Amino acid sequence: MKEISNSMPLVLLILLSVSVTQCFQTGSISILSRKINQRYSSTRVQLQNQRNNPQRHNDWKLRRLNRNIIHRRGRTEYSTLSSSQKEQHDDDDDDAMEKTKAGGDYLPTMMKPEVVPNTTPRQQMERYRYLHDASLRLLNTHEFPPGSLKMGKWHELHSMLVAWSKWINSDIELLTQGQYQIMSHAHPTEVPLLVESILKRIIDEQAAGNTHVRITTQMYNIILESWLATIHKTSILKRYHDEVESEEKGAMCVVAAQRSLDILKKMQSENELKADGSIKPNFFSFLTVLKTWLKACSLTSIPSSEKAISSHLASRKAHQTLQWMEYLARSGKNEHAKPNVLAYTMVLDAYAKSGEKDAGTKAEALLRQMQNENMELNLFCYNLVINAYTRQGRRGGAVDNAERILHEVEDIYQQTGNPSMKPDVVTYTSLVTAWANSNRRGYGANRAEEILNRMIEAECQPNTVTFNAVLKAWCRSGEMDASERALDIFKRMKMEHTNGNKNVKSDRITFNTLIHTLAKSGKSEHLQRAEELLEIMETNKDESVSPNSFSYNIIIEGWSKVRDDNGAQKAYRILQKLLAAEKSGKGIHADSFSFNNVIFALSRSRLKSSALRAEGLLQFMDKEYKSGNTRIKPDVFGYSATIHAWASSGDKDAGIRAEALLELMEQKSILGECNLKPNTVTFNSCIDCWAKSGQGIFAARKAEKLLEKMETLYKSGDVSLKPTTRTYNSVLLAWAKSNTKCAHWKSVELLNHMWEQYQSGDIDLKPDALAYNTVIDAISKSHREDKAQMALRILRTMDKLYRAGQNKDARPSEFTYTSVLNSCAFSSICSVNSRRKALDTAIFTLEELQESPYGRPNHVTYGMFLKACANLIPMDEERRRIVVEPVFLQCCKDGQVGENVLRQLRLAAPEDLYRKLLSGVRQSGAYVTVEDIPEEWRCNVKDDRNKRRKFRNRNFNEQKQFRP
């Protein structure tokens with residue numbers, strides 16, 4: 001208990017468990033009895049009221065039935081069996097192993113507990129109330145002092161133990177049948193603690209000199225069974241209850257399993273100390289404890305965040321218990337402790353369910369130990385090892401080891417011809433799942449499909465789980481043809497079912513995995529196919545195929561990542577369908593993920609009023625959450641995406657609307673909604689919104705103020721608001737667009753500050769190419785006479801840092817060189833000498849780009865150079881001809897003659913040169929256009945301005961719109 005107590009949040013459970021342990025050690029029961037009396041005082045009042053009603057006669061018959069349970073118990077102790085019966089017991093173990101392969105229970109038939117037949121939930125509740133009341137009465141030391149339970153009275157305690165055992169098993173049976181809603185009795189741990197108190201009272205009687213009392217192994221086994229039932233009950237209640245956190249459930253299971261192990265160790269130590277065989281643990285005792293650890297491991301293996309606390313501990317404890325059993329049998333201290341195949345198999349299963357990073361390795365080591373001890377292994381043992389490697393995930397070459405075990409099984413089957421060792425559907429499906437979980441991308445998916453084909457060739461019929469695992473492998477592959485391959489698998493499933501394999505039937509997992517694969521492709525045609533599959537799920541009357549929230553959300557997410565004009569509209573429409581399905585009462589609910597992805601889609605779209613629609617959805621989420629719908633809880637992502645939508649809108653009021661949302665988030669976080677605390681992404685979106693708002697100096701001041709606020713809060717200890725390169729880039733953009741005289745030196749100042757901070761160790765402020773390009777853009781818009789040379793110096797700095805390896809993010813591009821040419825073209829210069837310097841800078845920049853490894857001049861670069869020639873060289877100078885003609889010819893050779901190049905050529909070239917250069921072109925209008933020139937002159941032009949114009953001022957085409 002001590003080694004795990006630090007991780008147990010169930011303080012009450014631990015206190016009760018420790019209290020029972022102390023009672024065993026000190027011999028006092030009064031404190032625990034008083035606690036239990038206080039706990040169940042209300043139940044006694046209810047029972048007294050029931051005794052005064054007409055149902056008293058029926059209650060009396062029920063009590064009489066409980067008192068006689070022990071005479072019909074029928075449990076046989078392993079220690080009392082004859083040699084032939086023990087051999088039959090071992091055969092039962094082997095039968096249990098075979099049944100386990102089909103999903104049966106581990107316990108042999110003779111060890112399976114009895115269940116009261118035809119017990120209804122109401123009768124079970126009445127039985128609980130009676131047993132509870134009668135137990136408290138017998139535990140009352142004031143009414144029955146220690147030593148007073150002579151003859152038949154102590155037999156009542158024994159009978160009460162057996163009755164509780166039968167009640168526990170009946171309770172589990174009813175819960176398994178899904179009748180939990182009717183049953184509202186004790187917490188899962190309260191009954192085992194009460195049963196322990198009964199046994200403690202029997203021990204107290206013996207200690208007080210009561211010679212009539214007999215303590216047996218069976219009594220202790222009943223307690224072990226009760227703790228096992230506690231874990232079993234917890235696993236069943238998990239289906240109905242979400243109030244108890246996973247951490248608490250895992251803690252409860254580990255406490256229950258640890259308590260059963262402590263009781264077993266006490267039995268063994270008492271037997272060694274007193275040499276009293278009456279309480280000597282038998283094989284059933286050890287097997288029950290092993291199964292308790294296995295059940296704990298099964299329950300706590302999900303979610304993965306709790307594995308290190310609960311599931312890993314449970315698997316290790318199971319193995320330690322097995323090693324202890326080996327030691328007891330080897331040392332001769334307990335011959336009943338010798339583990340058999342069943343005991344080893346439980347530990348193998350525990351490792352398979354644990355999800356430890358080396359679970360497969362440990363399971364295989366245990367399998368080799370079984371081989372060394374000449375145990376008769378069966379297919380189930382090998383399947384468990386493969387499953388352990390499967391759940392090990394991507395670590396430690398798990399999938400290769402799993403396939404190696406399969407080859408071993410196939411070799412054994414071929415050599416021996418033993419049909420029981422022929423790989424079955426579980427064997428192959430586990431390996432397919434291992435490949436699906438591996439990090440081998442396309443290779444893993446192909447191997448999974450090959451295993452499926454190999455399985456069919458071996459005349460082993462696959463089932464739905466097998467096909468779903470292959471679909472999962474293709475979903476995770478990331479291959480370009482993953483959608484097509486997944487659709488082929490889906491067709492094979494339908495064909496397999498049509499051909500008579502009833503074990504293959506498409507279910508919700510099949511459709512969801514296929515939809516997920518299609519949605520991840522990012523292609524509109526695949527998402528259309530995903531919507532068709534969703535419609536099939538919606539119209540299917542089979543509940544196993546009906547869609548859930550994931551079915552809708554994954555399509556919404558897929559459309560949100562499509563950049564064409566339909567993405568946001570489609571995502572919006574699927575959200576409407578999800579909300580309609582929610583209203584129909586099908587158990588489907590929209591959540592924050594649904595709304596956030598639609599808001600994200602709107603933030604990336606170019607549709608008109610996208611920002612208003614995004615903010616409308618955000619307000620709807622807030623309204624629903626305040627009305628009690630906790631699934632639709634606004635978070636930082638939703639607010640940040642809405643602010644980004646305003647940044648992309650180009651609206652003049654975008655900055656004001658974005659900062660209002662930011663202030664709202666800050667207010668709510670101060671009032672206790674910590675999930676709405678703004679972070680760096682939120683501030684970056686707001687700064688970007690101001691930078692793109694077109695508000696000039698006002699926007700630049702606002703952006704800089706937000707940056708200063710971030711730096712102040714970060715220095716005060718708020719690490720979630722650390723400024724990054726993107727933060728500074730947005731502020732640089734705001735100054736570059738401010739059109740003020742101080743914009744260029746403000747930009748240079750910020751750039752120098754970024755470099756200084758990076759040099760001092762702040763890697764998050766490393767200037768990138770965007771930062772340098774923005775500064776060059778700010779310089780080009782200034783009125784400095786030397787702005788061309790100043791821009792060129794920034795380019796030289798970028799080139800130097802990149803070539804020296806000091807800043808690989810500062811790599812220049814053709815856009816950088818074009819920005820320098822822009823500085824030359826718009827230089828406001830009066831003197832001839834200054835013009836010559838600017839022209840020399842332009843010529844040098846273009847020639848350097850043509851020879852550099854950073855790219856090639858494009859149509860914008862050539863157009864900007866021709867503009868520089870028109871502005872810097874007088875029309876009557878011969879130099880204009882010398883410079884313009886070779887540049888245009890090179891532009892034609894590069895296939896970069898666009899509309900802008902032709903327009904600048906008319907301004908830069910003298911009339912006779914213009915006619916000469918275009919002499920072979922047939923002019924269709926007043927001026928030569930792109931359509932008139934040869935195809936090879938314009939073949940490499942990539943101009944998307946018309947495309948941007950097409951999206952401008954576009955509205956939703958849907959007639960029915962969701963109105964939050």
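Because the structure is a predicted model, local features are reported only where pLDDT is at least 70 and side-chain atom pairs only at pLDDT 80 or more, whereas totals for chains, interfaces and linings use all residues. Residues are numbered from 1 along each chain as its sequence is written, and side-chain values use heavy atoms, with hydrogens and water left out.

The secondary structure of the chain comprises 42 helices and zero strands, where helices (H or I, at least four residues) and strands (E, at least two) are DSSP runs numbered from the N terminus. Of the 964 residues of the chain, 54% count as buried; here buried means under 20% relative accessible area, exposed means over 50%, and partly exposed covers what lies in between, as computed with a 1.4 Å probe on protein chains only. Among contacts between residues at least 6 apart in sequence, 73% join residues at least 24 apart, a contact being defined by heavy atoms within 4.5 Å.

Two packed helices are described by the angle between their axes and the distance between the axes. In this model, helix α19 (residues 464–477) and helix α21 (residues 508–520) have axes that come within 9 Å and cross at roughly 15°, which means that α19 is roughly parallel to α21. The axes are lines fitted to C-alpha atoms, for helices over the stretch in contact, with angles running from 0 to 180 degrees between N-to-C directions; angles under 35 degrees count as roughly parallel, over 145 as roughly antiparallel, 65 to 115 as roughly perpendicular and the rest as oblique. The crossing of α19 past α21 is left-handed, a term that applies if the near helix is turned anticlockwise from the far one by less than a right angle, with right-handed used if clockwise. On the α19 side the contact involves Thr 464, Asn 468, Leu 471, Lys 472, Trp 474, Cys 475 and Arg 476, and on the α21 side Ile 509, Thr 510, Thr 513, His 516, Thr 517 and Lys 520. By class, this contact of α19 with α21 has four nonpolar, six polar and three charged residues, with Ala, Val, Leu, Ile, Met, Phe, Trp, Tyr, Cys and Pro counted as nonpolar, Asp, Glu, Lys and Arg as charged, and the others, Gly among them, as polar.

A second pair is formed by helix α29 (residues 680–691) and α30, which pack at an angle of about 165° with their axes 8 Å apart, so that α29 is roughly antiparallel to α30. Here too α29 passes α30 in a left-handed crossing. Thr 680, Phe 683, Asn 684, Cys 686, Ile 687 and Trp 690 of α29 meet a set of α30 residues that includes Phe 698, Leu 706, Lys 709 and Met 710. The contact of α29 with α30 has 10 nonpolar, two polar and two charged residues.

Lys 709 also takes part in a salt bridge, with Glu 666, in which the closest N and O atoms are 2.9 Å apart; a salt bridge is a side-chain nitrogen of Lys or Arg within 4 Å of a carboxyl oxygen of Asp or Glu. This pair links distant parts of the chain, given that Lys 709 is in helix α30 (residues 697–715) and Glu 666 in helix α28 (residues 654–670), 43 residues apart. Lys 709 is partly exposed at 34% relative accessible area, whereas Glu 666, at 18%, counts as buried. In the whole structure, 46 salt bridges are found. One of them joins Glu 911 and Arg 915 at 2.5 Å, N to O, two residues that are separated by about one helical turn because they lie four residues apart in helix α40 (residues 911–917). Glu 911 is exposed at 54% relative accessibility, and Arg 915 is likewise exposed, at 56%. Elsewhere, salt bridges that share partners join Glu 403, Glu 410, Arg 447, Glu 450 and Arg 454 into one network.

Among individual residues, Thr 429 is placed in helix α17 (residues 425–437) and is buried, with a relative accessible area of 8%. Leaving aside residues up to four places away in sequence, Thr 429 touches Met 455, Asn 463, Val 465 and Thr 466. Asn 374, although not a glycine, has a positive phi of about 60°; Asn 374 lies in the loop between α14 (359–372) and α15 (379–391) and is exposed, with a relative accessible area of 71%.
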